[in-house]
Amino acid sequence: MSEKLGFGIIGCGIIADFHANALKELGDEAELIGVCDVVFDAAEKFAKRHGTKAFPSAEALLSCPEINVVNICTPSGYHHFSVIAAAKAGKHIICEKPLAINAQQLDEIEQVCRQAGVTVSVVSQNRYAKSVSQVKQALENGLLGRIVCADIYMKYHRSQEYYDSGSWRGTKRIDGGGALMNQGIHGIDLLLYLAGDIKSVYAVSKTLVRNIEVEDTLSAVVEYKNGATGVIQATTSVYPGYPRRLELNGDKGSVVLDETSIVRWDVCDTADHEDVVMFPSLAHGASTPTAISAEGHIRQISDMINAIKTGKKPLSGLAEGRKAVDVILAIYRSAEEGRPIEL
Ligand SMILES: NC(=O)c1ccc[n+]([C@@H]2O[C@H](COP(=O)([O-])OP(=O)(O)OC[C@H]3O[C@@H](n4cnc5c(N)ncnc54)[C@H](O)[C@@H]3O)[C@@H](O)[C@H]2O)c1
């Protein structure tokens, strides 16, 4: 395999720019060979902006031998079509979150990707923040002791104009859900990464303010397999929108992050306490979806390049991408049926 990996992007909307810019930053190891979109005009404009080629279709892009990795940036409910086609074409895959929006799509993706033997990375860029690695390390070293509570409070603002800006946004069929499936999934993935697997969930879900099919506000109580308890809150209907707060409390210490910035680090073991470097948060989308930083995507794509070259698993792979959606689907089921759901 030559030094540089060739990339192709399917879907040329808002998030695709972050992928193209990240690939530019990784120019020593990566090259954007071309892009496609169901709207060819969108692909052409995007290609011009990023100095690459517009393919007339996904089939044409997938049959290009210079492309080793495909970045899937289509609306959530369409991810599975592109993931399956890319895997069957033998391409490695970076898929935007959520990996898919229902169990049937997830099963099919898992089966086809496993059979094809391709590497899959599911975007969860916050996992790659330095502060998140620090917290992970602290947990692994037992610095917080036994985890008692692990919570996410995501109080974001998305206007009605945001939901009206794309026919798929806020729909059950293509967005797959609302505040939790689209925005809250980042927090769910961090909880799973840091606090561990979830055993059961009990949720209330509402559409209180926005004119959408799916929830704009949801609260859930969570029990982790390790016995800890937690709260998951996700809304996109409050003004002005605050950074997502992640709280981890153990019997020997507590850590609080605002988005990816550590804002509290209170541990019994003061020797370790003094070693903590406080990294600022990656720019986040609490109030504006496009305000996120490209830094997380750069680190995630770099991790994927390393995974392909070394055969190691990416930090956020197929299993991790699936787990986050499985938790969300269980939370939705709990809210629908009005009872706790075991995972
Ligand atoms: N990681 C993050 O922080 C983050 C942020 C925003 C969006 N996202 C995810 O990225 C995905 C896209 O979101 P967006 O805001 O960029 O959407 P968007 O509507 O701006 O762009 C989607 C693009 O895909 C194209 N498209 C639709 N169906 C297609 C198909 N079958 N083949 C090829 N192109 C197709 C559309 O024409 C459009 O240009 C979503 O799954 C979303 O959840 C992730």
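This report describes selected helices, strands and ligand surroundings of one predicted model.

## Basis of the description

Residues are numbered from 1 along each chain, following its sequence as written. Because the model is predicted, local features need pLDDT of at least 70 and side-chain atom pairs count only at pLDDT 80 or more, while totals for chains, interfaces and linings use all residues.

## The parallel sheet

Helices (H or I, at least four residues) and strands (E, at least two) are DSSP runs, numbered from the N terminus. Six strands form an open sheet in the order 3-2-1-4-5-6, with parallel pairing, where two strands pair if DSSP finds at least two bridges between them. Strand 3 and strand 6 are the edge strands, each of which pairs on one side only.

Within this sheet, strand 4 (residues 69-72) and strand 5 are parallel and share four bridges, and V69 has H92 of strand 5 as its bridge partner. Strand 5 is in turn joined by three bridges to strand 6 (residues 120-122), which runs parallel to it, with I93 opposite V120 and I94 opposite S121.

## Burial in strand 5

In strand 5 (residues 92-95), H92 and I94 point one way, I93 and C95 point the other way, and all are buried. A residue is called buried if 20 or more other C-beta atoms lie within 10 Å of its own, exposed if 12 or fewer do, and partly exposed in between, with C-beta atoms placed from the backbone.

In helix 2 (residues 40-50), the buried residues are A43, F46, A47 and H50. Seen down the helix axis, these residues fall within an arc of 100°, so they line one face of helix 2; the arc is that of the directions from the helix axis to the C-beta atoms. They pack against helix 1 (14-25), strand 2 (30-36) and strand 3 (53-54), where contact requires that the C-beta atoms of two residues, placed from the backbone, lie within 7 Å.

On the other side of helix 2, D41, K48 and R49 are exposed. Just after the helix, G51 takes a positive phi of about 65°.

## Surroundings of the ligand

The ligand is surrounded by 25 residues, of which the closest are G11, G13, I14, I15 and E96; a residue is near the ligand if its C-beta atom, placed from the backbone, lies within 6 Å of it. This shell divides into 15 nonpolar, seven polar and three charged residues, where Ala, Val, Leu, Ile, Met, Phe, Trp, Tyr, Cys and Pro count as nonpolar, Asp, Glu, Lys and Arg as charged, and the others, Gly among them, as polar.

Strand 11 (residues 245-250) and strand 12 (residues 253-258) pair in the antiparallel sense over five bridges, and a hairpin joins them through two residues. R245 stands opposite D258 in strand 12. Strand 12 has a covered face made of G253, V255 and L257, and an uncovered one made of S254, V256 and D258.

Strand 12 also pairs with strand 13 (residues 261-267), in the antiparallel sense and over six bridges, with V267 of strand 13 as the bridge partner of G253. The hairpin of strand 12 and strand 13 has two residues between the strands, and E259 there takes a positive phi near 50°.
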